[in-house]
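Have the coordinates open as you read.

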Amino acid sequence: MEPFERVVEQHGATVLRVCRAVVGEHAAEDAWSETFLAALTAYPRLRPGSDVRAWLVTIAHRKAVDVLRARARAGVPVADPPEPPPTGEHPGDGRSEVWRAVAALPPKQRRCVAYHHVGGLPYDEVAALVGGTPAAARRAAADGIAALRRTWTSEEF
């Protein structure tokens, strides 16, 4: 097996992009860290020849769901309005507006786009993560991409 450090180098950016697409910029790093902590523990038991990227995206999905559930339980009104989110771009991509558009998609579309187009998983694995059939996952991802295309012209990408 490859050293775990090499696995993080190869797949860390993909997992971070998936986490950002699912839980948003502010919680993505926590979900990413939780993903790799869980993966480090389980890595010695991973079967030889396994698709490591798919395995990591699956773990990231579970950690993202945990973050979303915690966020739903933690909503507390405050007297002062929160500070506006930072306007910085995601490291290395130069497309913060695109990420905001992805974040505005309905949850299932956002997850299907993240897992298939960002994470590279086939639709049968996407369907296993989000629930439903591969055809439904394909449709949700296609609807999400269509919504993004309506928002962004080809010159802006």
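## A tryptophan and its surroundings

W99 has its place in helix α4, where helices are DSSP runs of H or I with at least four residues, numbered from the N terminus. This is a predicted model, in which local features need pLDDT of at least 70 and side-chain atom pairs count only at pLDDT 80 or more, while totals for chains, interfaces and linings use all residues. Residues are numbered from 1 along each chain as its sequence is written, and side-chain values use heavy atoms, leaving out hydrogens and water.

W99 counts as buried because its relative accessibility is 14%; buried means under 20% relative accessible area, with a 1.4 Å probe and protein chains only. R20, a residue of helix α1, is also buried, because its relative accessibility is 10%.

| Pair | Separation in sequence | C-alpha to C-alpha distance |
|---|---|---|
| W99 and A21 | 78 residues | 7.0 Å |
| R20 and A103 | 83 residues | 8.3 Å |

Now to the largest nonpolar core, which has 48 residues. Such a core is a set of buried Ala, Val, Leu, Ile, Met, Phe, Trp, Tyr and Cys residues joined through side-chain atoms within 4.5 Å. V23, W55, L56 and Y115 have the most contacts inside this core, and the helices that each supply at least two of its residues include α1 (4-23), α4 (96-103) and α7 (134-151).

Finally, α2 buries A27, A28, A31, T35, F36, A39 and A42. The cover over these buried residues includes α1 and α3, with contact meaning heavy atoms within 4.5 Å.

Notes
Buried < 20%, exposed > 50% of the residue type's maximum accessible area, 1.4 Å probe, protein only.
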